[in-house]
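Here is a short tour of a protein model, written for someone who likes to have the coordinates open alongside. Please take a look at it first.

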Amino acid sequence: MARVLIFLFLASALAGAQPPERAPEPKKDAPPDGVERPHSPAALVTRLAASPAPAAAPALKYELLPRLRDRKPGNAAMDYHRAKLLQPNWPHDAQEAKKLQDTLIKWEEAPVDALPLAEVKKYLATHAASFRALDDAARADRCDWELGSKLSVGNIDGLLTEVQTFRELARFQKLRTRVALAEGKFDEAVRCIQIGMRLGKDVGEGPTLIHTLVGIAVASIFLGEVDHLIQRPGGPNMYWALTTLPRPVIDPRIAFEGEARLFDNLFPNARLLEKGALSTDRANALLEEMMTAFQTMGRPDDKQIGTGGIGTTAYATMNYPGARKQLLTLGWDAAAIKEMPAAQVVALRAVAAYRSYNDDLAKCFSLNVPDARAEITKVRERSEKLRKESGDPIVSVFAMNVPAIEKTFEAHTRLNRRVALMRAVEAVRLHAAAGDGKPPKSLADIKLVPVPEDPDTLKPFVYELRGNTFTLTGAPPAGAHPSVINQLRYEITLRAQ
């Protein structure tokens, strides 16, 4: 039982930890007279000092993903694995390992101008072969993790370990980016960011929700490096680079397909339940098989899913009335249900519930954010009602997938919202560069480029101006308690031209 839940628990944990890296406390400044501050101190704040900057010329001089025309035949997944294998070994000695870890954290937390460049470059030279493999991955014309037929509960542990290694690749690529920024090599810095963003997108479009969440985390790291880029003296305007990113940045459909395949691999005979009435013996065998599948996933001391010691036939008979009623609400035909033996109806209820949850949640990723949240709320309420009414432990496990996917949706939303907010920041910098070097009085004054709306609210970002400092805020959803998860703010001070 433990291993079937591991994806659900980890998905929830990872999705809840997706805000961008920095979350400094907001300043305690009093608001300007007459201005109502629409945000709470509970917000994720990014503070930057940047210069006005015109759009790049040509417009796509900088892009945040490698161009298709620059790609070569090859499978990026193989290069990512090669990059990991070519990384230098971590010290075996505990003291040496701690020393290296402390040094890396110190470098990661240091301002770009405070990096000990000679020391960092000397260390990164030991990763040269790994970086070459990462470069090859970024130029590959496809990424196929080749996991489709291998997805099963039996290999979850290895899969989770493998996915997490991509965070390590991102960690050192981030340091590589910081070196280029410190040296003022903007073209090289953008190339390093491209490689990191491609890694995030490729991992995020892997075949499980865990791939998606790790990919979102990696992409967020390199959006943070874009923040560092634009605040460097003479840093380029990244409006069009951000604008030309895919929307959404990471396609969620691949993970949904992979999760569905994992379900089919877990219950290979589930489709037989859906094809029509079975014999009583066959239906009992399939229900028993479903129970056994859960029982064999965990350790011997795990809490097991079973019939409570009353036998499959008695269990099916006892649960049949509720299962029949609930299958009707899940869209099954009454005449077809009537022909099925009790065990088939009980087992089919669990399968139908899973497919209903999965489809109803998947479709939400194609809606705008407010509409999607409203639909997800309906699915959550419906799944909770079914879980309570059924008393079926398998239905209860499948119902746990709903909050995990809901949190995955919110992680996607935060990533896409951040890109939109960064575009708005760059629109202000662009406007200032074309005028007197000062921010506009309102976003409506910006005419040179479209200013994106907040995808969470479908309204303009909240804009406030105080001297040469402006803030752009993505407010929390209506009725939601403000937090660093649902409220995002950029505070930018424009330097004099």
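This is a predicted model: local features need pLDDT of at least 70, side-chain atom pairs count only at pLDDT 80 or more; totals for chains, interfaces and linings use all residues.

An open sheet is built from 4 strands in the order 1-8-7-6, and their pairing is mixed. At its edges stand strand 1 (44–50) and strand 6 (462–466); each has a single partner strand, so one side of each is left without a neighbour in the sheet. On average, neighbouring strands of this sheet are turned by 15° against each other, direction ignored.

Helix 18, covering residues 401–434, packs on this sheet and touches strand 1, strand 6, strand 7 and strand 8. The direction of helix 18 makes about 20° with that of strand 8.

Thr 473 has Arg 489 in strand 8 as its bridge partner.

## Two nonpolar cores

In soluble globular proteins, nonpolar side chains tend to be buried together. Here, the largest nonpolar core has 88 residues, and Met 197, Met 238 and Leu 472 have the most contacts inside it. Leaving aside residues up to four places away in sequence, Met 197 touches Leu 64, Leu 65, Ala 219, Phe 222, Leu 223, Leu 245 and Val 249.

There is also a second, separate core, with 46 residues. Phe 263, Tyr 354, Val 402 and Ile 405 are included in this second core.

## A closer look at Leu 199

Is Leu 199 buried or exposed? Its relative accessible area is 1%, and because buried means under 20%, Leu 199 counts as buried. You will find Leu 199 in helix 7, which spans residues 186–204.

Which residues does Leu 199 touch, not counting those up to four places away in sequence? They are Tyr 80, Phe 166, Leu 169, Ala 170 and Val 218. Leu 199 and Ala 138 are 61 residues apart in sequence, yet their C-alpha atoms are 7.3 Å apart in space.

## The cysteines

How many disulfides does the model have? The count is 0, where a disulfide would need two cysteine sulfur atoms within 2.5 Å.

Cys 143 is partly exposed, at a relative accessible area of 25%, whereas Cys 364 is buried, with 0% relative accessibility.

Note on methods:
Residues are numbered from 1 along each chain as its sequence is written. Side-chain values use heavy atoms; hydrogens and water are left out. Buried means under 20% relative accessible area, exposed over 50%, partly exposed in between (1.4 Å probe, protein chains only). Helices (H or I, at least four residues) and strands (E, at least two) are DSSP runs, numbered from the N terminus. Contact means heavy atoms within 4.5 Å. Two strands pair if DSSP finds at least two bridges between them. Axes are lines fitted to C-alpha atoms, for helices over the stretch in contact, and angles run from 0 to 180 degrees between N-to-C directions. A nonpolar core is a set of buried Ala, Val, Leu, Ile, Met, Phe, Trp, Tyr and Cys residues joined through side-chain atoms within 4.5 Å.
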